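Trainee: I'd like to learn how to read a structure like this one. Could we go through it feature by feature?

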Amino acid sequence: MTQFTYELEDIEKAATAVIAAAADEKVWVFQGDMGAGKTTLIKALSNAFSVSDQVSSPTFGIVNHYENQSGEVFYHFDFYRMDDPTEALDIGIEEYFYSGKYCWLEWAEKIAAFLPDKFFLIRINNDSETQRTLNLQHIEDAS
């Protein structure tokens with residue numbers, strides 16, 4: 001596991017560290033309390049990948065689709081409002097996960113039974129108003 005602490009003003013450096021630590025993993029699970037900065041970090045990651053689309057939390061739509069200038073596709077999920085985990089199957093979650101495209105998941109604990117065996121876990125700890133600590137870990141065979 002890798003740990004990285006940063007000030008919010010240095011979030012671009014944090015995004016670069018996350019990308020380097022993730023290596024070739026495409027499914028990224030973001031964990032953290034409400035307000036910890038999951039969506040803020042995803043916006044910084046989007047900037048680092050040169051995503052040209054407007055990035056926002058897909059709280060009501062469950063998934064947002066973004067593309068960067070090279071045509072690379074990114075899926076951003078937010079399962080916070082999902083009451084029944086099987087709803088994830090209804091939107092074809094497994095097709096997204098095994099598409100080979102980046103999948104960024106917020107509140108993935110709501111669909112834990114459907115997560116792939118391999119993913120990149122990003123735990124965000126809210127240390128203070130301006131400081132966060134990331135715990136970065138490759139998960140294999142999460143069952």
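Mentor: Let's start with confidence: pLDDT is the predictor's confidence in each residue, from 0 to 100. Helices (H or I, at least four residues) and strands (E, at least two) are DSSP runs, numbered from the N terminus. This is a predicted model, where local features need pLDDT of at least 70, side-chain atom pairs count only at pLDDT 80 or more, and totals for chains, interfaces and linings use all residues. Residues are numbered from 1 along each chain as its sequence is written, and side-chain values use heavy atoms, with hydrogens and water left out.

Trainee: Which elements have the lowest and the highest mean pLDDT?

Mentor: Helix 3 (residues 86–90) has the lowest, at 90, and strand 2 (residues 27–31) the highest, at 98. The protein chain averages 93, and 98% of the residues score at least 70.

Trainee: Now the cores. Which residues touch the most other members of the largest nonpolar core?

Mentor: The general idea is that in soluble globular proteins, nonpolar side chains tend to be buried together. Buried means under 20% relative accessible area, exposed over 50%, partly exposed in between (1.4 Å probe, protein chains only). A nonpolar core is then a set of buried Ala, Val, Leu, Ile, Met, Phe, Trp, Tyr and Cys residues joined through side-chain atoms within 4.5 Å. Here the largest core has 25 residues, and V18, W28, L41, W104, I122 and L134 touch the most other members. Two or more residues each come from helix 1 (11–22), strand 2, helix 2 (38–48), strand 5 (102–106), strand 6 (118–126) and strand 7 (131–140). Helix 1 gives the largest share, five residues.

Trainee: What is V18 in contact with, leaving aside its neighbours within four places in sequence?

Mentor: Contact means heavy atoms within 4.5 Å. On that basis, V18 is in contact with W28, L41, L45, F120, I122, L134 and L136, its neighbours within four places in sequence left aside. Apart from this core lies another, of 21 residues, including I62, V73, M82 and I93.

Trainee: How do I read strand pairing around strand 2?

Mentor: Two strands pair if DSSP finds at least two bridges between them. Strand 2 runs parallel to strand 5, with four bridges joining them, and W28 has W104 as its bridge partner there. Four bridges also join strand 2 to strand 6, again in parallel, and V29 stands opposite L121. Strand 2 is mostly covered, with four of its five residues buried.

Trainee: Let's do aromatics. How many aromatic pairs are there?

Mentor: Rings of Phe, Tyr and Trp (its six-membered ring) pair if their centres lie within 6.5 Å; planes under 30 degrees apart count as stacked, over 60 as edge-to-face and the rest as tilted. The count comes to 16 aromatic pairs. Take F77 and F97: their ring centres are 6.1 Å apart and their planes at 70 degrees, so this pair is edge-to-face. F77 lies in strand 4 (residues 73–78) and F97 in helix 4 (residues 93–97), so the pair ties together parts that are 20 residues apart in sequence. F77 is buried at 0% relative accessible area, and F97 is buried at 5%.

Trainee: Which residues do ring pairs link into a cluster?

Mentor: W28, F49, F74, Y102, W104 and F120. F49 is placed in the loop between helix 2 and strand 3 (63–67), and counts as buried at 12% relative accessibility. Not counting residues up to four places away in sequence, F49 touches I19, W28, N68, E72, F74, Y102 and W104.
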